[in-house]
Amino acid sequence: MKCRKQEEKAHRVHWEGKYVEGYIPWDRGDVSAGFRLFLEEGVFPKDGRILVPGCGHGYEVEALAAAGYDVTAIDIAPTPLARLQQRLQARGLEARLVVDDLLAWQPEQPFDAIFEQTCLCAFPPVDWEAYERAAFRLLRSGGALLALFVQTHREDGPPWHCALKDMQTLFAPTRWDWRKSWPPQPMHTPPLEEIPWMLIRK
Ligand SMILES: C[S@@+](CC[C@H](N)C(=O)[O-])C[C@H]1O[C@@H](n2cnc3c(N)ncnc32)[C@H](O)[C@@H]1O
């Protein structure tokens, strides 16, 4: 059986390779429709700390920093974070960028909100419970998981289909309050879409 360290290395090599090769079909080159909606709805905490897991090139991280939010982003692949850092620097913006494994990372303090965009769907369903445990650990009690649940309606992945009934089992009501949802938002590749949900960590 592989330990988490070996898995982490395999994941790092896999994802870093995609960015180095330039095979990144998920990359929208701009912020997503779901992110714009969350921003317009004012759901990001103005005085809180926001985490963006598996941020990739991090257009949303850059937009949050530009809007004055306190934002931290984590990705297992160093290349997209180096590119994001260059863009932030060029604009005189600040965000904390962390190259690490989301499932193992232990920050000093929990966050007030997590913006989940195409990170969960990048993990195979066998790893989803570990993602839920990480999200629970990384948020303070009362913190918000601002999730865009990817709908592919396919059996295979990635991206893996995040059916709402599976999400409601994964983010169980004993640990999460399913507070509010919005209409599905288009993704980069039609007919893929994302359902925005705000969950509050109990
Ligand atoms: C499908 S991409 C989405 C990137 C970004 N959220 C976007 O919308 O463009 C998934 C991202 O998760 C990152 N990732 C995969 N496994 C990870 C892990 N264990 N810890 C942190 N990041 C991870 C990958 O490097 C990749 O950037």
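A disulfide is taken here as a pair of cysteine sulfur atoms within 2.5 Å, and by this criterion the structure holds zero disulfides. Cys-119 takes part in none, since the nearest cysteine sulfur, that of Cys-121, lies 8.1 Å away. The structure is a predicted model, in which local features need pLDDT of at least 70 and side-chain atom pairs count only at pLDDT 80 or more, whereas totals for chains, interfaces and linings use all residues. Residues are numbered from 1 along each chain as its sequence is written, and side-chain values use heavy atoms, with hydrogens and water left out.

The sulfur of Cys-162 has its closest cysteine sulfur in Cys-121, at 5.6 Å, which is too far for a bond. Both Cys-119, with a relative accessible area of 6%, and Cys-162, at 2%, are buried (under 20% relative accessible area, 1.4 Å probe, protein chains only).

A search of the whole structure for cavities (sets of points on a 1 Å grid over the protein atoms alone where a 1.4 Å probe fits but cannot get out) finds one of 30 Å³ or more. The largest cavity has a volume of about 40 Å³, the volume being the space filled by probe spheres set on the points, which are joined across faces, edges and corners. Its lining residues (those with an atom within 4 Å of a point) are Leu-51, Pro-53, Leu-102, Ile-114, Tyr-131, Ala-134, Ala-135, Leu-138 and Leu-145. By class, this lining has nine nonpolar, no polar and no charged residues, where Ala, Val, Leu, Ile, Met, Phe, Trp, Tyr, Cys and Pro count as nonpolar, Asp, Glu, Lys and Arg as charged, and the others, Gly among them, as polar. Strand E1 (49-53) and helix H5 (128-138) each supply at least two residues of the lining, with elements assigned as DSSP runs numbered from the N terminus (helices H or I, at least four residues; strands E, at least two). Helix H5 gives the most, with four residues.

Key:
On a 1 Å grid over the protein atoms alone, a cavity is a set of points where a 1.4 Å probe fits but cannot get out, and a pocket is an open set with protein on both sides within 12 Å along at least five of seven lines; lining residues have an atom within 4 Å of a point. Buried means under 20% relative accessible area, exposed over 50%, partly exposed in between (1.4 Å probe, protein chains only).
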